[in-house]
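Hi everyone, thanks for making time. I'd like to walk you through one structure, so please bring up the sequence and the model.

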Amino acid sequence: MIRLMGILTGSALAVAFLIVALGIPELEAPQLEAVAQPDAAPPTEPMRAPEPAPQPQPLTQAEPEAAVVEMPPAPPTARPEPVDVVEEVPAPIEQQWYAFWSPFRSKVAADGFVSQLQRTTGLDYRVVRLEPGVYEVAFAYSDDSDIQEKLTQISSATGLDLSGG
């Protein structure tokens, strides 16, 4: 019995919601022909005969026009001579990671520090796990001058004193 009441209540709420959201639907009333009744007053408007339904038109498919595209003449069938191309690829710069802050006790704390630094400075940082409970924050560098540039950039962006390394 409770289920039936729940179904009826839910249905009533759904209908009420639809009426509020969409408005009351306008239903077309079926048009009934007036039947002459002896007691009825004559209609004030003349009665019209129903309009005949439009005749369906036969479907005709228009044939698509063929597009004419002129292709350039094909190149001669002679194969080009193979050419040896030797490109000198520069040796990849080996990036090293420089830990610049005292170790954190949890990875969550180190990750929070890294995310704040990345937002502030725009540099790439990594959290390096040395052992359980010891996490260092490091940035990539290529040489000693790169280390000093990045430490200066971090200090100026954050206000942290990184002179001690």
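Let me start with a definition: buried means under 20% relative accessible area, exposed means over 50%, and partly exposed is in between, with a 1.4 Å probe and protein chains only. By that rule Phe139 is buried, at a relative accessible area of 0%.

A word on where the values come from. This is a predicted model, so local features need pLDDT of at least 70 and side-chain atom pairs count only at pLDDT 80 or more, while totals for chains, interfaces and linings use all residues. Residues are numbered from 1 along each chain as its sequence is written, and side-chain values use heavy atoms, with hydrogens and water left out.

Now the layout. The protein has three helices and three strands, and from the N terminus on the order is α-β-α-β-β-α. Helices (H or I, at least four residues) and strands (E, at least two) are DSSP runs, numbered from the N terminus. Of the 165 residues, 13% count as buried. The accessible surface is about 15500 Å², and 58% of it belongs to carbon and sulfur atoms; that area comes from the Shrake-Rupley method with a 1.4 Å probe, and for residues only the protein chains shown count as cover.

Contact, for us, means heavy atoms within 4.5 Å. Among the contacts with a separation of 6 or more, 59% come from residues 24 or more positions apart.

On to the rings. How many aromatic pairs does a search of the whole structure find? Six. Rings of Phe, Tyr and Trp (its six-membered ring) pair if their centres lie within 6.5 Å; planes under 30 degrees apart are stacked, over 60 edge-to-face, and the rest tilted. Phe100 and Phe139 make a tilted pair, 5.3 Å centre to centre with 45° between the planes. Phe100 sits in the loop between strand E1 (96-99) and helix H2 (107-121), and Phe139 in strand E3 (residues 134-141), so this pair ties together parts 39 residues apart in sequence. Phe100 is buried too, at 2% relative accessible area. Phe104 and Phe113 are also a tilted pair, because their ring centres are 5.3 Å apart and their planes at 45°; both of those residues are buried. Also, Tyr98, Phe100, Tyr125, Phe139 and Tyr141 form one aromatic cluster.

In the loop between E1 and H2 you'll also find Pro103. Pro103 is partly exposed, with a relative accessible area of 45%. Leaving aside neighbours within four places in sequence, Pro103 is in contact with Val134, Tyr135 and Glu136.

Next, helix packing. Two packed helices are described by the angle between their axes and the distance between the axes. The axes of H2 and helix H3 (residues 144-158) come within 10 Å and cross at roughly 90°. Axes here are lines fitted to C-alpha atoms, for helices over the stretch in contact, with angles from 0 to 180 degrees between N-to-C directions. H2 and H3 are therefore roughly perpendicular; the cut-offs are under 35 degrees for roughly parallel, over 145 for roughly antiparallel, 65 to 115 for roughly perpendicular, and oblique for the rest.

Last stop: Asp146, in helix H3. Is Asp146 buried or exposed? Buried, with a relative accessible area of 15%. Not counting residues up to four places away in sequence, Asp146 touches Ala140 and Tyr141.
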